Amino acid sequence: MMALETPTKALAELKDYMQTLGDLSGAMSLLSWDTETKMPAKAAPFRARQRAALSTLLHRMSTDPKLGQWLEELEPQAESLSVEDKALLREVRRDYDQATKLPESLVRELSETTSKAHTVWVDARKTKNFSAFAPLLKRIVELNQQQAEVLGYEGSPYNALLDLYEPGLTTEKLDPIFNALESPIRTLLENKSAKFPRPEWMSRPCPKEKQEAMVKRIISAMNFDWEAGRIDEAPHPFCSSSSVGDVRLTNRYFENDWTSCIFSAMHEAGHGLYEQGIRDDLSGGPLGHGVSLGIHESQSRLWENMVGRSRAFVTFLLPLLNEVVPEQVEGVSEDEFYTAINRISPSCIRVEADEVTYNLHVLLRYRLEKQLIEGTLSVEDVPEAWNEAMNTLLGITPANDAEGCLQDIHWSHGTFGYFPTYTLGNLYAAQFFNQAKQALPQLEFQISKGELAPLRSWLKTEIHQHGSIYWPDDLSKQVTGNPLQVEPFTTYLATKY
Ligand code: CO
């Protein structure tokens, strides 16, 4: 069939509609950013109403039968459309099916239960008391099981939930990945975690203003576009994008742990560069954001770990730190700095984990979530199962549930199936970084000079600009010649440690 010269009327109407929907979502995301960073306290009740109104409108627009009609009209001619338009139909179909399959009663109960659960979880974590949170978690698991049934799946019901965060991801794909990761990481851990104490200079007090100044220098070196974004302070670092022209990062600063802000900032800026690098003409439409959580996390981990924690980067970083925070790095050599930021030290807390142990934390959550959703583990037994797994995997036992199964916010939000994307990010990052090294033979030297533009522009050309046009496995094949692989990451770890 001949390619259509001009888009059909239905396609033009669909695009127009989706652009409006996307622009309203952009406005929503800016409101959410503001709520978490700058909003005056008295605005809270009104802001809640504004966000609820916008989210009702967005839901109504996403489930409008008109969308279904356009899709039915256009899908039969999908093969004759351009790559972009075909991808557009695929994304609209995916969102439309998800939005329309879930009955309103289920959506409402999930939202009511999780807003209650969040408050209860905060208290339960404070008082280290899992049993206070257990009844709500039980209901959340049941609602997620119902959600899986409604969405539909093959194999495990957990597959329906995984697919929400990473299109096409299944337990059939994940089981072998985690199995292949487990033993090399545990071996590395047994051989390498000869613990040496955290050096004294890492805890030298450092005022927030100086940390902010150093972070700005580093992110500028990464070629973050300050005319299309900003960075502010928030209790949890995140990146939020309302268009390619407005990408907002947040970061946090600990006075007695001043190196921490460097890596959280590089992480969020990695997400931010992805969003800033998307083609202008895709922004605001269904293809105008990063394609999946796994690919997104590959960008943040690549900058945080493969660049930020590399020996070459330290050569660039230390002189910069000597200018901005001379007292903090006085007497510290490049080698000492490099070793200190790459210490392997098993911890009960995921967000404090080093690059080596991090994936074991994810693996633990993956296996428990899968069992909970499949109904082979009951909520009451979670603390014991958690502690046992921690002991087997990392050789440590949480002192209480706050250090164990109550530490993450995800379950209280009703989010099951999200954790595995953290590990996918690490795996994709290793594959992409290998490819970047081949394409840029001077990369290590450039990094040591703080010349990060070539890497940034390679990532933009190969990955960022495409937005959501290619699904993760296809993108990976296109960039590296291979789908998702475990081996590049395990080789990276083995070489580095
Ligand atoms: Co991230």
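Colleague: What spacing do the donors of the cobalt ion follow along the chain?

Modeller: This is a predicted model. In it, the donors of the cobalt ion follow the spacing H-x3-H-x25-E. His-271 lies in helix H10 (residues 260-276) and Glu-297 in helix H11 (residues 293-307), 26 residues apart, so that this pair links distant parts of the chain by the definition of helices as DSSP runs.

Colleague: What makes His-267, His-271 and Glu-297 ligands of the cobalt ion?

Modeller: The cut-off for a donor is 2.8 Å from the metal. His-267 (NE2), His-271 (NE2) and Glu-297 (OE) coordinate the ion at 2.2 to 2.3 Å, and therefore count as donors. Water is not among the atoms, so the site may look incomplete.

Colleague: Why is His-271 called buried, and why is Glu-297 called buried?

Modeller: Buried means under 20% relative accessible area. His-271 has 11% and is therefore buried; Glu-297 has 9% and is therefore buried.

Colleague: Why is the contact between Glu-13 and Lys-9 called a salt bridge?

Modeller: The limit is 4 Å between a side-chain nitrogen of Lys or Arg and a carboxyl oxygen of Asp or Glu. The closest N and O atoms of Glu-13 and Lys-9 are 3.2 Å apart, so the pair qualifies. Both residues lie in helix H1 (residues 9-37), 4 residues apart, about one turn of the helix. Lys-9 counts as exposed because its relative accessibility is 66%, with the cut-off set at over 50%. Glu-13, at 33%, counts as partly exposed.

Colleague: What makes Glu-334 and Arg-311 a salt bridge?

Modeller: Their closest N and O atoms are 3.1 Å apart, within 4 Å, and the pair is therefore counted. This pair links distant parts of the chain, with Glu-334 in helix H14 (residues 334-341) and Arg-311 in helix H12, 23 residues apart. The structure holds 31 salt bridges.

Colleague: How do you know that the length of helix H15 agrees with its number of residues?

Modeller: At 1.5 Å a residue, the 17 residues of H15 (residues 358-374) should span 24 Å; the end C-alpha atoms are 25 Å apart, which agrees. H15 is also mostly covered, with 14 of its 17 residues buried. Gly-375, which follows H15, has a positive phi, near 80°.

Colleague: Which helix gives the most to the lining of the second largest pocket?

Modeller: H21 does, with 5 residues. The lining comprises 21 residues, and Tyr-492 is one of those nearest the pocket's centre.

Methods:
Residues numbered from 1 in each chain as written. Predicted model: local features only at pLDDT ≥ 70, side-chain atom pairs only at ≥ 80, totals over all residues. Heavy atoms only, no water. Donors = N, O, S within 2.8 Å, 3.2 Å for Na, K, Ca; no water. Helix = DSSP H or I, 4+ residues; strand = E, 2+ residues; numbered from the N terminus. Buried < 20%, exposed > 50% of the residue type's maximum accessible area, 1.4 Å probe, protein only. 1 Å grid on protein atoms, 1.4 Å probe; cavity = no way out; pocket = protein on both sides within 12 Å on 5 of 7 lines; lining within 4 Å. Expected span 1.5 Å × (residues − 1).
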